Each structure stands twice: as C-alpha cells, then as structure tokens.
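Try each task on your own before reading its solution.

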Amino acid sequence: MNGLIRWQRPALATWPGFGRLTDLRDEIDRLFEAPLTEWARTTQLLSGWTPALDVYEDKDNLYVRAELPGMKKDEINLSLHDGSLSISGERKHEAKFENAETYRSERFFGRFQRTVTLPAPVAVDKVKAQYKDGILTVTLPKTEEAKPKHIDVNVS
C-alpha cells in the first residue's frame, strides 16, 4: 500500500467544545425568537387588530370576504371611495369573569380598518353586502366597461 489513509470525520465525542457551540447557537436562536415574538404581539396590541380578507373576481363581479367573528351587523361600516373599499368597525370587549384569573388572552378587541384597492371599476349603486356566520361578503358588480369583451374574429 502507498500509505494513503481515507479521512473520516471525527465523532462529536472527540470534540467536546462542538456540542457546547451547538447548544450556544440554539440558546441564541431562542433568545432572538422570544423578544421578536413579543414585539410583534405588542405592536398588534397597540395597533388594534386586522381582520383577514380575500379579494377575488369572476367576469361580472369583484368579491371581498372578511372574517369578522363575534361582531354584530351594526358594528361594521363599509365605504367605497375612489376605487377603494374600506371595512371598519369595532369589536367590543366582553364582560370579564369576576374572581377569575386569566391564563391566556389572545383575542383582539377594539377598532379596526381594512382598505383594499379594487382591481376594476365597480357599479357603486349595485354593491351588496351580506354578513353570515362571522363572514362579511361584499359583492361589487363591475361596470360594463370593466367586464371582459368577446371579440369575434372574421375569416376572409
């Protein structure tokens, strides 16, 4: 034989400091994750809450669906201005349990506003809104100019 020996990675046990470095990295990751998570939660608390919404369309209408669980119809406001739909309102705090300790409180209360720019012009006088099971669905009919047009191709 030539005396060539294939190199093999040493086992972790032979590098006692390596395990501690991995532990240190995990600890640093944990320290950075916790404050950022708390910071994100604090900024949400300070800014209120933002309901999730979807915007989609078919050939005749635009649709906006917003999740507004636990709200009443009269707590929701809609407005349409310059091609943007605004949904706003306020979710009121529920009565607290007296003589009870809170272990977790993740639900948001207070004022909110979502404004979405609509991708096509709409017929304002034909807009309809329906609220059922905590979901607000706004149907916005497109103007005739915004609807897709079929063009026939003539063959000569």
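**Exercise 1.** In this predicted model, find which residues Leu68 is in contact with, leaving aside its neighbours within four places in sequence.

*Solution.* Start by setting those sequence neighbours aside. Then look for residues with heavy atoms within 4.5 Å of Leu68. The contacts are Trp49, Pro51, Ile76, Ile87, Phe112, Tyr131, Gly134 and Leu136.

**Exercise 2.** How many residues does the largest nonpolar core have, and which have the most contacts inside it?

*Solution.* The core has 19 residues. Leu68 is among those with the most contacts inside it, together with Val64, Leu85, Ile87, Leu118, Leu136 and Leu140. Next, see which elements give two or more residues to this core: β2 (61–67), β4 (84–91), β5 (110–117) and β7. As background, nonpolar side chains tend to be buried together in soluble globular proteins.

**Exercise 3.** Work out the order of the open sheet of 3 strands, and explain why one side of β3 and of β5 is left without a neighbour in the sheet.

*Solution.* The order is β3-β4-β5, and the pairing is antiparallel. From one strand to the next, the twist averages 15°. Now zoom in on β3 and β4, which are joined by 6 bridges. Ile76 has Gly89 in β4 as its bridge partner.

**Exercise 4.** Decide whether Glu145 is buried or exposed.

*Solution.* First locate Glu145 in the segment after β7 (135–141). Its relative accessible area is 68%, and exposed means over 50%, so Glu145 is exposed. Finally, compare sequence with space: Glu145 and Ala120 are 25 residues apart in sequence, with 9.3 Å between their C-alpha atoms.

Key
Residues numbered from 1 in each chain as written. Predicted model: local features only at pLDDT ≥ 70, side-chain atom pairs only at ≥ 80, totals over all residues. Heavy atoms only, no water. Helix = DSSP H or I, 4+ residues; strand = E, 2+ residues; numbered from the N terminus. Buried < 20%, exposed > 50% of the residue type's maximum accessible area, 1.4 Å probe, protein only. Core = buried A, V, L, I, M, F, W, Y, C linked by side-chain atoms within 4.5 Å. Pairing = 2+ DSSP bridges. Axes fitted to C-alpha atoms, helices over the stretch in contact; angles between N-to-C directions.
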